[in-house]
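Biologist: I am new to this protein and would like to be taken through it. Could we look at the structure together?

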Amino acid sequence: ARLSLGGHLARQASDLNWIARASNGIYESVGLRRRPYRSECYDISNRGADDAVGSMVVYEGGVPVRRDFRRFRIRGVRGQNDVAMIEEVLDRRLAKLTDTPAAAEKGGGEPGKGPRLDSFHKVPDLVLVDGGGAQLAAALKALQGRGFWDIEAAALAKRMEELSLIHISEPTEPY
């Protein structure tokens, strides 16, 4: 049974039709403005009061891009504050992106500084964070703070099996 399951999962992972259906399912069920090609998913892992790590998992065209996966040590947040940690991780990731030509075309960064040679030069179409509305608000704050108005953001809360979505269409004035 284990061998059969392994073979089935290997065939399923290489079946481009299955991957396309899954990507279209996300687009349609979440109500995104466009089909995301590059999706970046973020989660925080707390291993004690002062030992936290943020993880970034990347999908392009519905396929995991393992070479682009990243881990971020949390530097500026003490204690267990997932909301602040999500904001720190996204702000650091977006800071790497803001000085690339691709980012300048999408609304952030300064053109002419030259492309980065690592995975951080690719602009995501969708940012998905683990958590609820508070984590989504932190992601939005990081995106807006770096000038990325065209990246859609969503949060997935496991406990309530709830999906929150924010469309960022233009700069908004603070209240």
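**Strands, pocket and selected residues**

Modeller: The model is a predicted one.

Biologist: How many bridges join E5 to E6, and do they run parallel or antiparallel?

Modeller: E5 and E6 run parallel and are joined by five bridges. Another pair in this set is Leu-126 with Glu-152, its bridge partner in E6.

Biologist: Which helix makes a β-α-β unit with E5 and E6?

Modeller: That is helix H5, residues 133-145. Together with E5 and E6 it makes a β-α-β unit, and the unit is right-handed.

Biologist: Is E6 largely enclosed or open?

Modeller: E6 is largely enclosed by the rest of the structure, because five of its six residues are buried.

Biologist: Where does Leu-156 lie, and how exposed is it?

Modeller: Leu-156 lies in strand E6. In space, Leu-156 is 7.3 Å from Leu-128, C-alpha to C-alpha, although the two are 28 residues apart in sequence.

Biologist: And what about Asp-150, where is that found?

Modeller: Asp-150 is found in the loop between H5 and E6. With a relative accessible area of 33%, Asp-150 is partly exposed. The C-alpha atoms of Asp-150 and Val-123 are 9.9 Å apart, and 27 residues separate them in sequence.

Biologist: Let us step back. How many helices and strands are there in the protein?

Modeller: The protein has five helices and seven strands. Read from the N terminus, the order of its elements is α-α-β-β-β-β-α-α-β-α-β-β. The chain has 175 residues, of which 35% count as buried.

Biologist: Back to the strands, then. In which sense does E1 pair with E5, and in which with E2?

Modeller: E1 pairs with E5 in the parallel sense, over four bridges. With E2, E1 pairs in the antiparallel sense, over nine bridges.

Biologist: What stands opposite Arg-38 in E2?

Modeller: Glu-60 does. Glu-60 is found in strand E2, which covers residues 52-60.

Biologist: Is Glu-60 buried or exposed?

Modeller: Glu-60 is buried: its relative accessible area is 13%, and the cut-off for buried is under 20%.

Biologist: Which side chains does the side chain of Glu-60 contact?

Modeller: There is a polar contact of 2.6 Å between the side chains of Glu-60 and Arg-38. A polar contact of 3.4 Å also joins the side chain of Glu-60 to that of Lys-122.

Biologist: Where is Gly-62 found?

Modeller: Gly-62 is found in the loop between E2 and strand E3, the latter being residues 63-64. Gly-62 counts as partly exposed, at 32% relative accessibility. The C-alpha atoms of Gly-62 and Asn-24 are separated by 9.2 Å, with the two residues 38 apart along the chain.

Biologist: How much space lies in the largest pocket?

Modeller: About 350 Å³ of space lies in the largest pocket. It is lined by 17 residues, and the closest to its centre are Ile-26, Ser-39, Tyr-59, Leu-126 and Leu-128.

Biologist: Which elements give two or more residues to the lining?

Modeller: Those are helix H2 (16-30) and the strands E1 (38-46), E5 (126-130) and E6 (152-157). The largest share comes from H2, which gives four residues.

Biologist: How do the lining residues divide into nonpolar, polar and charged?

Modeller: The lining of the largest pocket has 13 nonpolar residues, four polar ones and no charged ones.

Key:
Residues are numbered from 1 along each chain as its sequence is written. This is a predicted model: local features need pLDDT of at least 70, side-chain atom pairs count only at pLDDT 80 or more; totals for chains, interfaces and linings use all residues. Side-chain values use heavy atoms; hydrogens and water are left out. On a 1 Å grid over the protein atoms alone, a cavity is a set of points where a 1.4 Å probe fits but cannot get out, and a pocket is an open set with protein on both sides within 12 Å along at least five of seven lines; lining residues have an atom within 4 Å of a point. Grid points are joined across faces, edges and corners, and a volume is the space filled by probe spheres set on the points. Ala, Val, Leu, Ile, Met, Phe, Trp, Tyr, Cys and Pro count as nonpolar, Asp, Glu, Lys and Arg as charged, and the others, Gly among them, as polar. Two strands pair if DSSP finds at least two bridges between them. A crossover is right-handed if, with the strands pointing away from the viewer, the path from the first strand over the helix to the second runs clockwise. Buried means under 20% relative accessible area, exposed over 50%, partly exposed in between (1.4 Å probe, protein chains only). A polar contact is a pair of N or O atoms within 3.5 Å; within protein, one must be able to donate a hydrogen and the other to accept it, and residues adjacent in sequence count only if both atoms are side-chain atoms.
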